[in-house]
Amino acid sequence: MATTRIDISSVEQSDSSLTIGWSNGQFSVFHYIWLRDCCYCEHCGDCYSSLRRYVPGLDTLRPRPVSLSWSESALQITWDVKNHRSTYAPDWLYANRYDTEAREARRAITRTWDSTTDLSDTYFDFSDTDRDGAARLALHEHIISNGFAIVRGGPAKADGVLTFAELVGEVTQSAYGAVFDLKPGSAAGTAGTTLMPVPPHSDEAFAYAPPGIEVLACIRPADTGGDSILVDGVGIAHKLRAQNPESFQLLAQWNHHYVRFHPGKLNQHAYAPIIALDDDGEVSGIRLHTRASAPLDLPEDIMEDYLIAYHRLCALMMAPENQLHLKLDAGDAIIFDNHRALHARTEFSDRQRHLQICGVPREKFHESFRLLAQQLGEEDTSNLVLRAGACR
């Protein structure tokens, strides 16, 4: 799966690892246990096809080379356990090295934003992304880096939202069905079907795994009001970390309690942190929904400080400088990462306003992105490490 052409120029052994020098002048350390675990010979099998037959155990805790040979084009190791031989291609080793620089290069870039950010590049034409693979990949990449994109010139009709969703993956069922009508008077009985303003939130924070990518399409805008609002959840988390690191840590460490209850129809509870972190301590996703925030189940010596932290984050969420206001026209859609971009709405009085929303699972969106990148010959892009979101 590697695409970089590179050769081995040197190999040095230590007690627990190899240091490989590359033809570009770089050096990489590979631990013996990592090398043995990653053997992809015909006996061990490969992880890409799920035909992996090698099973780690106590006899492979500290594997050691019995013999080692290398050339520009291959590294061969014979191990002390069962005299097993592994052969590694330099391109494969280089693509999978795990020094700090390599790990950072494999991670998709996250761009934070607020109301002052120039987002002129966030608009995409529906017909372009529908017919052109490169344009569709650019749309995927923008959603991954910025958390949202706006697609214009699409179908302005009932269930047209499904056509927008096809640009990024397969639609799934939510707590309210595959497609949810955001129209006054709907029987669903949620804030989205009223005329009142709706504060920024993550959809279905009360679900164990909230919807990943949401598609919000406009069939008919309101005459006045009813503007869409977006808040960069990762951006306000970064601001909280800079202003109050203790508050940031509390919201990342302790579970919030979310609930949604419709008698006889829906009774969901989720306990999860508002701020999800990855292995490097970076923000992976946000789960924030004030209307679904239930009484918390936290130790008494944590409760007050936690709630202060929660109030601080909500204040950042509601600050005008952190809110992006958008007016959707008929045939426009916002495609946003529900684990990243909080969405909201201003009040309105026009009962003919009609928007629809549906969701694409995060893994299906990421799969669509990877397959598309592969089809276009962009192997390095298809292998990027993508944010897991707000689930852990």
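Biologist: Hi! How do the residues lining the second largest cavity divide into nonpolar, polar and charged?

Modeller: Five are nonpolar, three polar and three charged. Here Ala, Val, Leu, Ile, Met, Phe, Trp, Tyr, Cys and Pro count as nonpolar, Asp, Glu, Lys and Arg as charged, and the others, Gly among them, as polar. One thing to keep in mind is that this is a predicted model, where local features need pLDDT of at least 70 and side-chain atom pairs count only at pLDDT 80 or more, while totals for chains, interfaces and linings use all residues. Residues are numbered from 1 along each chain as its sequence is written, and side-chain values use heavy atoms, with hydrogens and water left out.

Biologist: Thanks! Which residues line that second largest cavity?

Modeller: Its lining includes Cys218, Pro221, Ala222, Asp227, Lys327 and Arg353. The volume is about 50 Å³. A cavity is a set of points, on a 1 Å grid over the protein atoms alone, where a 1.4 Å probe fits but cannot get out; a pocket is an open set with protein on both sides within 12 Å along at least five of seven lines; and lining residues have an atom within 4 Å of a point. Points are joined across faces, edges and corners, and a volume is the space filled by probe spheres set on them.

Biologist: How many cavities of 30 Å³ or more does the search find?

Modeller: Two, over the whole structure. The largest cavity holds about 140 Å³ of space. It is lined by 15 residues, with Ile144, Asp337, Arg340, Arg362 and Arg387 nearest its centre.

Biologist: And which element gives the most to that lining?

Modeller: H10, with three residues. Helix H10 spans 362-375, and helix H5 (133-146) and strand E16 (283-286) also supply at least two residues each. Helices (H or I, at least four residues) and strands (E, at least two) are DSSP runs, numbered from the N terminus.

Biologist: Now the open space. What volume does the largest pocket have?

Modeller: About 690 Å³. Of its 43 lining residues, Asp203, Glu204, Glu214, His343 and Ile357 are closest to the centre. Strand E20 (354-360) is one of the elements giving two or more residues, as is H10. The largest share, four residues, comes from E20.

Biologist: Switching to packing, which residues touch the most other members in the largest nonpolar core?

Modeller: Leu251, Ile274, Ile275, Leu288 and Tyr306, out of 29 residues. A nonpolar core is a set of buried Ala, Val, Leu, Ile, Met, Phe, Trp, Tyr and Cys residues joined through side-chain atoms within 4.5 Å. Buried means under 20% relative accessible area, exposed over 50%, and partly exposed in between, using a 1.4 Å probe and protein chains only.

Biologist: What is isoleucine 274 in contact with?

Modeller: Leaving aside neighbours within four places in sequence, its contacts include Leu251, Tyr258, Leu288, Tyr306 and Leu313. Contact means heavy atoms within 4.5 Å.
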